[in-house]
Amino acid sequence: MSSLLAVNILKSNGVGCLTRLCKISKSHNVIQVAFMKRLSLKEDLAKPKPFPYWKKPCNVFKLAFDPTIYRYDENTKLIIVDGLPATGKTKVCQKLAEEFGLLYMPPPIHDEIFVNAYGYDVRELDPKLPTGIQSYDLPRFLKNPLHPQVPAFQLNWLYMRFEQYMNALLHILSTGQGVVLNRSIYSDVAFSDAMHNAGYLSKEVVTEFNTMKKQGLTALLRPHLIIYLDSPPEVVQQNIKKRGNMDEINSKVFTTQYLSDMDKSYKEKCLAWLSSHTHILMYDWSKEGNVSDIVMNIEDLDLEESETKTMLDDWVFMESEEIHTLMIAYQHKYHMFSELNKLSSETTLSLDLWHSPYDREIHEELLETVESEKYSMGFHPTYGDKVLFKAETPILYSVCRRTPRDFVNYSEIKLPY
């Protein structure tokens with residue numbers, strides 16, 4: 001079934017029809033474009049400066065006269081590179097970003113949750129905390145995937161990927177620059193399914209995750225293109241050994257069955273579900289292929305849009321106000337997270353995802369003893385922050401991470417560290 005589905009995806013979407021971002025309406029004088037172009041072949045046209053979402057709030061007043069749609073061109077796209085671990089996704093992402101002038105957002109890591117803007121790692125508090133509230137990151141999962149904190153560990157991944165995806169959309173809509181992501185929120189299903197089959201997550205937890213995604217993903221614009229690097233589990237295991245991460249090499253997690261379950265879930269759930277909207281290119285990456293071939297295939301994709309097609313219909317807007325509404329939602333993320341976390345008739349309220357009030361109180365009291373945790377980032381006079389006349393909340397902020405890295409490759413973004 002998996003191989004048959006993969007062939008069908010290849011045949012039906014390998015060279016399909018992508019469409020142009022944001023066909024506002026016929027009354028706007030916007031040049032219609034169809035194909036992405038490498039920077040070396042792209043005409044350098046004057047465009048308005050990006051809306052500085054990293055230092056100004058997106059609101060109806062500031063966006064009312066903003067020339068938003070005139071920043072978009074043929075490369076204003078969202079591309080995701082996906083596949084099993086150790087398949088070379090980072091190299092492909094970086095090459096595509098370089099060739100097409102895209103922003104590459106590196107995948108989130110748990111250090112962004114635990115290390116604050118002033119360099120303090122809250123994992124140092126673990127010896128003083130009850131087991132149920134201690135931190136749990138990727139190295140610890142690889143050593144002990146049966147730990148009771150595994151559900152919270154995977155929940156953190158879901159939160160981080162959800163938030164990063166919003167940041168990618170915000171960047172595209174605000175600047176006109178396309179983004180390439182290494183995995184995304186849509187990949188979460190492959191991990192949770194494989195972890196459930198391996199006995200690391202209960203059925204109730206997986207059901208809860210699926211309910212959350214069903215609620216939260218409705219307001220996200222689905223990607224223009226997914227590039228799937230297909231590699232069998234045996235090759236992945238060899239690649240893991242080659243890259244030399246001892247936590248991965250010594251772990252019992254990356255079994256042939258675990259990797260096969262991931263691959264099956266990717267193809268039968270993630271890619272199959274998105275294929276009616278998103279174009280998918282799948283490559284046999286058993287041996288590292290030539291990224292230049294991927295670049296040429298992308299250039300051959302017809303990006304013409306039509307309101308009559310379901311392909312990429314998320315990116316068709318009748319009025320610029322629709323874009324502005326999304327920019328506001330993606331910058332001010334609390335409403336989006338409220339949708340993700342809201343209770344519904346499908347919510348399982350799995351106890352594996354809840355900390356006891358007693359444990360949480362101990363954790364909060366310990367955080368209050370840490371000097372660098374007493375104030376929000378940018379508002380700490382002890383560390384030289386100037387707080388006089390400063391806005392109450394930073395413009396670029398995170399709901400779930402102390403130090404998000406989403407814009408590390410964008411020179412105009414000033415990170416707090």
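## A pair inside helix H11

Asp263 and Lys267 sit four residues apart in helix H11 (residues 256-274), which is about one turn of the helix. Helices here are DSSP runs of H or I with at least four residues, strands are runs of E with at least two, and both are numbered from the N terminus. Asp263 and Lys267 also form a salt bridge, with 3.0 Å between the closest N and O atoms. That term stands for a side-chain nitrogen of Lys or Arg within 4 Å of a carboxyl oxygen of Asp or Glu. Both Asp263 and Lys267 are buried, meaning under 20% relative accessible area; exposed is over 50%, and partly exposed lies in between (1.4 Å probe, protein chains only).

## What you're looking at

This is a predicted model, where local features need pLDDT of at least 70 and side-chain atom pairs count only at pLDDT 80 or more, while totals for chains, interfaces and linings use all residues. Residues are numbered from 1 along each chain as its sequence is written, and side-chain values use heavy atoms, with hydrogens and water left out.

The protein chain has 15 helices and five strands. Of its 417 residues, 53% are buried. Take the contacts (heavy atoms within 4.5 Å) between residues at least 6 apart in sequence: 81% of them join residues at least 24 apart. The chain exposes about 19,700 Å², and carbon and sulfur atoms supply 55% of that. Accessible areas come from the Shrake-Rupley method with a 1.4 Å probe, and for residues only the protein chains shown count as cover.

## Other salt bridges

Side chains of opposite charge can pair when their charged atoms come close. The structure holds 28 salt bridges. One of them joins Glu99 and Lys95, at 3.1 Å from N to O. Both residues lie in helix H3 (residues 89-100), four residues apart, or about one turn of the helix. Glu99 counts as buried because its relative accessible area is 18%, whereas Lys95, at 25%, is partly exposed.

Then there's Arg140, which pairs with Asp137 in a salt bridge; their closest N and O atoms are 4.0 Å apart. Asp137 is buried, with 7% relative accessibility, while Arg140 is partly exposed at 32%. Both belong to a network of salt bridges that also links Asp111, Asp121, Arg123 and Asp126.

## Charged patches on the surface

Now for the patches, which are made of residues with over 30% relative accessible area and no salt bridge; like charges are joined within 9 Å, and nonpolar side chains (Val, Leu, Ile, Met, Phe, Trp, Tyr) within 5 Å. Lys and Arg count as positive and Asp and Glu as negative, with His and the chain ends not counted. The place of a charge is NZ of Lys, CZ of Arg, CG of Asp or CD of Glu.

Lys49, Lys55, Lys56 and Lys62 gather in a positive patch on the surface. Lys56 is in the loop between helix H1 (2-13) and helix H2 (60-63), and its 38% relative accessibility makes Lys56 partly exposed. A negative surface patch is made by Glu361, Glu364, Glu365 and Glu368. Glu365 lies in helix H15 and is partly exposed, at 44% relative accessibility.

You'll find Leu343 in the loop between helix H14 (334-341) and helix H15 (357-367). Leu343 counts as exposed because its relative accessible area is 64%.
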